[in-house]
Amino acid sequence: MITGAFLAAWQWVDKLYYWATRLQYVDRTHHNLFRVVVKPYRGETLITRDGVRLEKGDWYAKLHLHNFRIAQLLMETRRNRGKRAEIGIELLILRQIRSSFPALAEFLENHPRSNQIRVLLGTTFLHPGSEHLGFDAREIPGVIRMRLKSFFLKWILVSCHPRGWRRPRNYKHPLIPKRVFISREEFNRRYSPARLK
């Protein structure tokens, strides 16, 4: 369960993580839920639903949800809703994610390597329903890597969710993180501010 002391400690850890991973904020002013690092791809070949291939050496945008901001959001929700805080909490987060997409599209459009970015890729528990947002979902390659990411992301979920450890036990889907990805072209088609006007 989130407390003020917990958030204060997490804020320091988050700053270290931000520095170590070379993340960039998409939009600090409007509390965008994404931070991004654009880098060469090192994994196995990925093929998006529209046929774009991401191979070793290709540039891609690695997406990181701003989990500290999500924790703040959940704390505010719990404060406002009380015992009803858990109702629709995943839907609330997904709505916030979707509303963050246009600014993310604009951020990538203005990035120095904009023309080289082929795919957007992230890892999350929130993959159910991601296909409706245009993303493909795939298993994380490598058992050890999957378990490490699963442990880390489950700890975040447990820390953030109003029901704490009860939430993973009652979750209707196995809490296994997956990689979600979408081609840059398809992402722009769906979420570019110019297209939404």
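Trainee: Hi! How many helices and strands does the chain have?
Mentor: Hello! In this predicted model, the chain has seven helices and eight strands.

Trainee: And how much of the chain counts as buried?
Mentor: Of its 197 residues, 45% count as buried.

Trainee: Okay, what about the core: which residues have the most contacts inside the largest nonpolar one?
Mentor: Those are Val36, Phe101, Leu104, Leu108 and Phe187, in a core of 25 residues. Strand 2, strand 5 (59-65), helix 3 (89-109), strand 6 (117-124), strand 8 (178-183) and helix 6 (184-191) each give two or more residues to this core.

Trainee: Which element gives the largest share?
Mentor: Helix 3 does, with seven residues.

Trainee: You listed Phe187. What is it in contact with, leaving aside neighbours within four places in sequence?
Mentor: Phe187 is in contact with Phe101, Leu104, Ala105, Leu120, Phe135, Ile182 and Ser192. Apart from this core lies another one of eight residues, including Tyr41, Val52, Leu121 and Phe181.

Trainee: New topic: which residue has a positive phi although it is not a glycine?
Mentor: That's His31, with a phi of about 55 degrees. Most residues other than glycine have a negative phi.

Trainee: Where is His31 found?
Mentor: His31 is in the loop between strand 1 (24-25) and strand 2 (34-40). His31 is partly exposed, with a relative accessible area of 45%.

Trainee: Last one: what does the accessible surface of the chain come to?
Mentor: About 11,500 Å², and 53% of that belongs to carbon and sulfur atoms.

Note on methods: Residues numbered from 1 in each chain as written. Predicted model: local features only at pLDDT ≥ 70, side-chain atom pairs only at ≥ 80, totals over all residues. Heavy atoms only, no water. Helix = DSSP H or I, 4+ residues; strand = E, 2+ residues; numbered from the N terminus. Buried < 20%, exposed > 50% of the residue type's maximum accessible area, 1.4 Å probe, protein only. Areas by Shrake-Rupley, 256 points an atom, 1.4 Å probe, with all protein chains shown as cover. Core = buried A, V, L, I, M, F, W, Y, C linked by side-chain atoms within 4.5 Å. Contact = heavy atoms within 4.5 Å.
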